[in-house]
Every structure is written in C-alpha cells, then in structure tokens.
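Hi,

Here is the structure I said I would pass on. Have a look at it first, and then read on for what turned up.

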Amino acid sequence: MNIRNFDSALNDIMTAISIENSIDYRFQEAKILYYNKKYHQANEKLKVLSNDIQNAELYKYRGYCEYELGNKNEALLNFEKSILLSDDDKALVSKYNELKN
C-alpha cells in the first residue's frame with residue numbers, strides 16, 4: 001500500500017477521533033500505525049486500549065507489534081491471549097508456533 005494512503009487514512013481517523021473519541025476509532029488508529037510500520041506508537045495505543053477492550057484482534061496486533069519490535073516473549077504472551085479469545089485464527093496459530101520454536 002502506498003504511504004500516502006496511510007497518511008490519508010491516519011488523517012481521516014484523527015478527524016473522526018476529534019469528532020468522537022470512540023474506542024473503535026482509536027483501535028483503527030493503532031492498526032493504521034501498525035500497517036505504516038510505526039510499531040512502537042501502535043503498540044502504545046494498543047496497550048492503552050487493552051484497559052477498555054480485550055478481544056482476539058487487539059492482542060493479535062499487540063503480538064505483531066511486539067514481534068516487530070524484537071520482543072519475542074511479549075509477542076508470545078499476546079499471541080497466546082489472542083488465541084484463547086479467537087475463533088481458530090490459523091495464521092495467528094502458525095505465527096505463534098513459529099516464534100515458540
């Protein structure tokens with residue numbers, strides 16, 4: 001995806017957040033940061049969000065962020081939480097097994 005698309009998406013979600021500071025919009029912001037390879041920023045946003053929501057998708061993204069930041073143990077912990085909450089996410093289980101070995 002083109003970096004300009006990420007910048008545009010981030011601008012759009014920041015506008016939405018300024019209108020309504022919802023958990024959904026903040027989660028979308030964290031995902032946009034992740035896809036824009038801003039793993040530290042995305043992970044910080046996800047950590048804050050984990051106080052309000054706890055679902056498989058949030059922990060999956062936290063795991064991917066930790067993985068990209070080189071934090072294998074934290075990545076595994078978050079992947080485990082995501083797997084427990086997920087509906088059989090085969091790609092996630094595969095990534096978890098890859099890291100565990």
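A cut-off before anything else: a residue counts as buried when its relative accessible area is under 20%, and as exposed when that area is over 50%. With that in hand, take Glu-29. This residue has a relative accessibility of 6%, so it goes down as buried. Please keep in mind throughout that the model is predicted.

**Glu-29 and its surroundings**

Glu-29 sits in helix H2. What does Glu-29 touch, once residues up to four places away in sequence are set aside? The list is Leu-10, Ile-13, Met-14, Ile-17 and Lys-45.

**The core**

The largest nonpolar core has 26 residues, and the members that touch the most others are Ile-13, Phe-27, Tyr-34, Leu-46, Leu-58 and Phe-79. Which elements give two or more residues to this core? They are H1, H2, H3, H4, H5 and helix H6, which covers 90-100.

Start with Tyr-34, which belongs to helix H2. Is Tyr-34 buried or exposed? Its relative accessible area is 13%, so Tyr-34 is buried. Beyond its neighbours within four places in sequence, Tyr-34 is in contact with Tyr-39, Ala-42, Tyr-61, Tyr-64 and Cys-65.

Leaving out neighbours within four places in sequence, Leu-46 is in contact with Phe-27, Ala-30, Leu-58, Tyr-61, Arg-62 and Cys-65.

**How the helices pack**

H2 with H4: the two pack at about 30°, and their axes are 11 Å apart. That angle makes H2 roughly parallel to H4. Their crossing is left-handed. On the H2 side the contact uses Phe-27, Lys-31, Tyr-34 and Tyr-35, and these meet Glu-57, Leu-58, Tyr-61, Tyr-64 and Cys-65 of H4. By class, this contact has 7 nonpolar residues, 2 charged ones and no polar ones.

H3 with H4: helix H3 (residues 39-49) and helix H4 (residues 56-68) pack at an angle of about 145°, with 9 Å between their axes. This crossing is left-handed too. H3 brings Tyr-39, Ala-42, Asn-43, Leu-46, Lys-47 and Leu-49 to the contact, while H4 brings Leu-58, Tyr-61, Arg-62, Cys-65, Glu-66 and Glu-68. The contact of H3 with H4 splits into 7 nonpolar, 1 polar and 4 charged residues.

H4 with H5: here the axes come within 8 Å, and helix H5 (residues 72-85) crosses H4 at roughly 160°. H4 and H5 are therefore roughly antiparallel to each other. Again the crossing is left-handed. From H4 the contact takes Ala-56, Tyr-59, Lys-60, Arg-62, Gly-63, Tyr-64, Glu-66 and Tyr-67, and from H5 it takes Glu-74, Ala-75, Asn-78, Phe-79, Lys-81, Ser-82 and Leu-85. Sorted by class, the contact of H4 with H5 has 7 nonpolar, 3 polar and 5 charged residues.

**Loops and an exposed isoleucine**

Ser-50 lies in the loop between H3 and H4. Ser-50 counts as buried because its relative accessibility is 11%. Not counting residues up to four places away in sequence, Ser-50 touches Leu-58, Tyr-59 and Arg-62.

Lys-37 is in another loop, the one between helix H2 (23-35) and H3. What is phi for Lys-37? The value is near 65°, which is positive although the residue is not glycine. Most residues other than glycine have a negative phi. Lys-37 is exposed, with 62% relative accessible area.

Last one: Ile-19, in helix H1 (residues 3-19). Ile-19 has a relative accessible area of 72% and is therefore exposed. From Ile-19 to Lys-38 it is 19 residues in sequence and 24 Å in space, C-alpha to C-alpha.

Cheers

Methods: Residues numbered from 1 in each chain as written. Predicted model: local features only at pLDDT ≥ 70, side-chain atom pairs only at ≥ 80, totals over all residues. Heavy atoms only, no water. Axes fitted to C-alpha atoms, helices over the stretch in contact; angles between N-to-C directions. Helix = DSSP H or I, 4+ residues; strand = E, 2+ residues; numbered from the N terminus. Left-handed = near helix turned anticlockwise from the far one by under 90°. Contact = heavy atoms within 4.5 Å. Nonpolar A, V, L, I, M, F, W, Y, C, P; charged D, E, K, R; others polar. Parallel < 35°, antiparallel > 145°, perpendicular 65-115°, else oblique. Buried < 20%, exposed > 50% of the residue type's maximum accessible area, 1.4 Å probe, protein only. Core = buried A, V, L, I, M, F, W, Y, C linked by side-chain atoms within 4.5 Å.
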